[in-house]
Amino acid sequence: VAIYADNQYFSEVALAGLPQGVSVDYFGNIYVSDLIGFVWKLNSSGSLVWKATVDAPESLAIDGANIYVISGTEIIRLSQADGSVNGGFGLYGFADTNLNYPRGIAWYNSELFITDTFNGKVKRFSDTGTYINTTQSSILRRPCGITTFAENKYIAVTDFETDKISIYNVSDLSLVSSFAVSGQSAGEVRY
């Protein structure tokens, strides 16, 4: 993993392999998940702070004290301080309260927004795992990436089956807009 600061190469850190998710906390610490089975915490200069073992971790999100990691159909909660497991939730299934191959995760205001990829929805849970609500839009087929934006008023969701980006209100997961993205060559995006 190469680390850049102010568009300048800063340092490089060798990880076990297959890095998947990355997030940075308020203090500049970097959290990386890799499919080999680890979540790594690096300080802002790239030095290892700790390494936690998690089964096939993918995307991750952070709040002020925890890291939320997608691992299979579960969300594992790790302590930012030492990487110890301090909770988690998630059961495989098709109901609104279940997850079927979640791929993306974002945190805002003690809530997690999770792309439930094979159920074709975005689901909102409390950070302790209590189900809150689900998108009711039929636009999503295979949602994958997710992030909050505009002062956390909206979430943007990518869909790898439809090549669309959909925008939802954070408050109720209602659809705001959706648009197709396609490119003909490297670096070209068409709306």
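Leaving aside neighbours within four places in sequence, which residues is Asn-152 in contact with? They are Tyr-108 and Val-170, where contact means heavy atoms within 4.5 Å. The views below show this site and others.

This is a predicted model, in which local features need pLDDT of at least 70, side-chain atom pairs count only at pLDDT 80 or more, and totals for chains, interfaces and linings use all residues. Residues are numbered from 1 along each chain as its sequence is written, and side-chain values use heavy atoms, with hydrogens and water left out.

**View 1. The protein chain as a whole.** The chain has 18 strands and zero helices. Both are DSSP runs numbered from the N terminus: helices are H or I with at least four residues, strands are E with at least two. Of the 191 residues, 45% are buried. Buried means under 20% relative accessible area, exposed means over 50%, and partly exposed lies in between (1.4 Å probe, protein chains only). Among contacts with a separation of 6 or more, 30% are between residues 24 or more positions apart.

**View 2. Asn-152 in its loop.** Asn-152 sits in the loop between E15 and strand E16 (154-159). Its relative accessibility is 27%, so Asn-152 counts as partly exposed. Asn-109 is 43 residues away in sequence.

View 3. E8 covers residues 66-71. Six of its six residues are buried, so the strand is largely enclosed by the rest of the structure. Asn-66, Tyr-68 and Ile-70 point one way. Ile-67, Val-69 and Ser-71 point the other way. E8 pairs with E7 in the antiparallel sense over four bridges; two strands pair if DSSP finds at least two bridges between them. Pro-57 has Ser-71 of E8 as its bridge partner. A hairpin of three residues joins E7 to E8. Strand E9 (residues 74-79) also runs antiparallel to E8, joined by six bridges. Here Val-69 has Ile-76 of E9 as its bridge partner. The E8-E9 hairpin has two residues between the strands. In that turn, Gly-72 has a positive phi of about 65°.

**View 4. Thr-134 in strand E14.** Thr-134 belongs to strand E14 (residues 131-134). Is Thr-134 buried or exposed? It counts as buried, because its relative accessibility is 5%. Its side chain makes a polar contact with the side chain of Tyr-131 at 2.6 Å. A polar contact is a pair of N or O atoms within 3.5 Å; within protein, one must be able to donate a hydrogen and the other to accept it, and residues adjacent in sequence count only if both atoms are side-chain atoms. Beyond neighbours within four places in sequence, Thr-134 is in contact with Asp-96, Lys-121, Val-122, Lys-123 and Leu-173.

**View 5. The largest pocket.** Its volume is about 300 Å³. A pocket is an open set of points on a 1 Å grid over the protein atoms alone, where a 1.4 Å probe fits, with protein on both sides within 12 Å along at least five of seven lines; lining residues have an atom within 4 Å of a point. Of the 15 lining residues, Ala-61, Ile-105, Ala-106, Trp-107 and Thr-147 are the closest to the pocket centre. Strands E7 (57-62), E11 (102-108) and E15 (143-149) each give two or more residues to the lining. E11 provides the largest share, five residues.

How values were computed:
Grid points are joined across faces, edges and corners, and a volume is the space filled by probe spheres set on the points.
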